[in-house]
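Welcome! Please look through the sequence and the model shown here, and then we will walk through some of its parts together.

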Amino acid sequence: MADIDQHTPMMQQYLRIKAEHPDILLFYRMGDFYELFHADAEKAARLLDITLTTRGASAGAPIKMAGVPWHAAEQYLAKLVKLGESVAICEQIGDPNTSKGPVERQVTRIVTPGTLTESGLLDEKRDNLLLALLADRASVGLAWLNLASGELRVAEIAPQQLATELQRIAPAEILLVDAQSERPDVAGHALTRLPEWHFDADAGRKALLEQLGAASLDGFGCGDMNIAIGACGALLGYARRTQGQSLAHVISVRAERGGEYVRLDPATRRNLELSETLRGEPAPTLFSLLDACAGNMGSRLLRHWLHHPLRDRSIVGARHAVVERLLEGEAHAAVHGVLRRCADIERIAGRIALKNARPRDLSGLRDTLSLVPEIGAATPPAEGLLDELKRDLEQPSQCLDLLARAILPEPASMLREGGVIADGYNADLDELRALQSNAGVFLVELESRERTRSGIPNLRVEYNRVHGYYIEVTNVHAQKVPEDYRRRQTLKNAERYITPELKVFEDKALSAKDRARALEKSLYDALLDALAAHLPRLQAIARAVAQLDVLACFASNASRRNWCRPTFAQDPLIEIEAGRHPVVEDQIEHFIANGARLSPARRLLLITGPNMGGKSTYMRQVALICLLAHAGAFVPAKRARLGPIDQIFTRIGAADDLAGGRSTFMVEMTESANILNNATESSLVLMDEVGRGTSTFDGLALAWAIARQLVERNRSLTLFATHYFELTRLALDYREVANVHLDAVEHKDTVVFLHALEEGPASQSYGLAVAALAGVPRPVIAKARRYLRQIEDESAGRGGQADLFAAGAGSRVEPEPPADPLRDALGQLNPDELSPREALELLYRLKKL
């Protein structure tokens, strides 16, 4: 920049704009391409696999360039955003025909991972969220925005809850204070750092009040959230700057308070495979199984409900009531039949607010609004939530009328192509279109008149791109040419002329197409401005359609899969009759259903049984049934009755954390510590084979101590699977502990898993039989079997394994060794001080000992 005057005028313009966006890529519009220069070109060529070239020179140095076609830019932006990159879009805003120097350009918007709104850049079935984070010593303020829908939320949490909340919210981009130290909680997210003054609480409060058009935040329930409001101010400012305009569709804010949702920590979300398998794949998961939604709005809300199970039973009960009502007479099928014809109103409304809605967005919105009465008619009458949804589905007649008048039935996909605004909407546009469409008729009539007037029988009126419109006369009839003809072109055997009448028509016809496109764009922009007044109504319809879609999806699943409506109780309990794991049941032919009983008198189930016997599946199905019930869905069981549940914890599976420097056992103990420190009497805890990541006795001792802590202190409802048979003795010490096992039988040289839950401990683990099923070579199995018999014989010879849990065993670390006179005598002697005679006498004494 210091030597900018040495560059060409165009490069001077580029460098000035680039200096305002030094840390992100700049797409610089040049004709039909977005060009990137210098370091940006090298980076884009590497990331996008496009050609890097060198053309010309500026300030004595060659210019490195890379470019992407303007019409295909969206696919390249999508790739960059997935890689966590942000891009400034610099457009030509001046007229190339009137510009004396470089065409005037400016950055019109900035594309970042958290501020996407275009359908081509977004995952249709996942919300794309931008989150701002502000922390002090005592708490963390969060504000997050779904720019595509205009939904804004704030919350304040304890610092130790940040990782859990980020896993729940799953933002695409996080805004942080520039001076803030590195936080391990935000690792793996796209981060953008802003100056500290962007997070000022007073400025944030002012910005939020201005955005909402309100005098106070108390009515929104967030007046006391100063830290979150500071984060919200930074969030709104960043969103406005990236979009280059105001956020007309952000008209409300919702405050989230602790205890609103059943808490799921990151390990639980991962282990239950709600929307992503343990391998990181989108299916088979609970979400992929349930997602029978008719539209993308419903799919996104379904994902949100599964990750945000509610503790408020009145809301959950209202959802259950709607599902039950939609099951009557297969009403859910009729509702889905109409909803499948609906467009994504939520995101279309967002694009209208941000002035980037495309023509087919508006035609889709028009067609969907015309279906609103059909949706209401397909929805059965009922009180409560269903009635509220039907009231929100009131057709906005003015908005629909405007769209019907303004947009063609089948508009062009892009505004630049023309053919978007309906005939009859604007008289000037109709006239310009008539000039284009009626040109042929005019020319035929003109040709006929001129033949009659001139007496030239073969006179022709034609057009080409070089010379425009002309009248062609052969040289044979040159003497008959009227005086008002003006020569335009001379050919070998003919002359081409223009007349004043044809010239006037040419001027109108040749400019009509460009003038029509310019007028059409002006009318389209005005239409978007007019539709902005209807945004609150459109958002209400979108919310109602999405909820109705999810509830109909729940009803459809309940009908097809034979699920039941759960009931709730005041006491801490879980009573499930013939429960099934929804995802596993869908993957196999015959699933064995199992019940579960947990209560204050039966708080911990010690689950034993063979590997592959179904212990982990059984525990997960209990958790998923509880989660589905609190999401408002029916559950895969014959009957289910649930008490209050505040949290679901899981300690399942074995995986290390190489990036975080944690071994498998360290991960296991970290998750166990989280459970022991946070689980309450109303929590559901799943513990699978705790202690297996270390030595047998260490693991057994830890498993025993953790189980006792859960019974004595946490008093949580716990499913505790283990291969340590010694733990089954806990049922003798605590009346709240019960032994159950997954049954299996040996048949010849193999094992048959019955997958049925039975009372009492398992008789054996069948580890060698499972190893044989896995394909371990027979000689290895034979050796293992011989060694197992040897170990068992040695254990029996010693009177069995020492009882780790005998009375008093927990009060000391090591038992005192028995007295040993021989060792004592040897410990006291010094061989170097003994004479030969003394040594001989000592040997006889030691012999007697």
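## Strands side by side

E35 has G67 in strand β4 as its bridge partner. Strands, like helices, are DSSP runs numbered from the N terminus (E, at least two residues, for a strand; H or I, at least four residues, for a helix). Before going on, please note that this is a predicted model, in which local features need pLDDT of at least 70, side-chain atom pairs count only at pLDDT 80 or more, and totals for chains, interfaces and linings use all residues. Residues are numbered from 1 along each chain as its sequence is written, and side-chain values use heavy atoms, with hydrogens and water left out.

Strand β2 (residues 33-37) and strand β4 (residues 61-69) run antiparallel and are joined by 5 bridges. Two strands count as paired if DSSP finds at least two bridges between them. Strand β4 also pairs with strand β3 (residues 53-58), again in the antiparallel sense, over 5 bridges. Here T53 has M65 in β4 as its bridge partner. β3 and β4 make a hairpin with 2 residues between them, and A59 in that turn has a positive phi of about 55 degrees.

Strand β19 (residues 574-579) pairs with β20 in the antiparallel sense over 4 bridges. In this pairing, I574 stands opposite L598 in β20.

Buried means under 20% relative accessible area, while exposed means over 50% and partly exposed lies in between (1.4 Å probe, protein chains only).

Not counting residues up to four places away in sequence, L362 touches I352, A357, L403, I407, Y524, L527, L528 and L531. Contact is taken as heavy atoms within 4.5 Å.

## A buried loop residue

A422 lies in the loop between α15 (397-406) and α16 (427-437). Is A422 buried or exposed? A422 is buried, with a relative accessible area of 8%. Leaving aside neighbours within four places in sequence, A422 is in contact with R405, A406, I407, L408 and R433. The C-alpha atoms of A422 and A404 are 8.4 Å apart, although the two residues are separated by 18 residues along the chain.

## Aromatic rings and charges

Rings of Phe, Tyr and Trp (its six-membered ring) pair if their centres lie within 6.5 Å; planes under 30 degrees apart count as stacked, over 60 as edge-to-face and the rest as tilted. By this rule there are 9 aromatic pairs, and the table shows two that include F505.

| Pair | Arrangement | Centre to centre | Angle between planes |
|---|---|---|---|
| F442 and F505 | stacked | 4.2 Å | 20 degrees |
| Y469 and F505 | edge-to-face | 5.4 Å | 70 degrees |

F442 is in helix α17 (residues 439-454) and F505 in helix α18 (residues 500-531), so their pair ties together parts that are 63 residues apart in sequence. The pair of Y469, in strand β15 (residues 468-474), and F505, in helix α18, links parts that are 36 residues apart. F442 and F505 are both buried, with F505 at a relative accessible area of 8%. Y469 is buried at 9%. Together, F442, Y463, Y469 and F505 form one aromatic cluster.

A charge sits over a ring if NZ of Lys or CZ of Arg is within 6 Å of the ring centre and within 35 degrees of the ring normal. The charged end of R303 sits over the ring of F287, 4.3 Å from its centre. Likewise, the charged end of R319 sits over the ring of W305, 3.6 Å from its centre.

## Cysteines

How many disulfides does the structure hold? The number is 0, where a disulfide is a pair of cysteine sulfur atoms within 2.5 Å. For C564, the nearest cysteine sulfur is that of C626, 12 Å away. C564 counts as buried at 12% relative accessibility, and C90 is buried at 0%.
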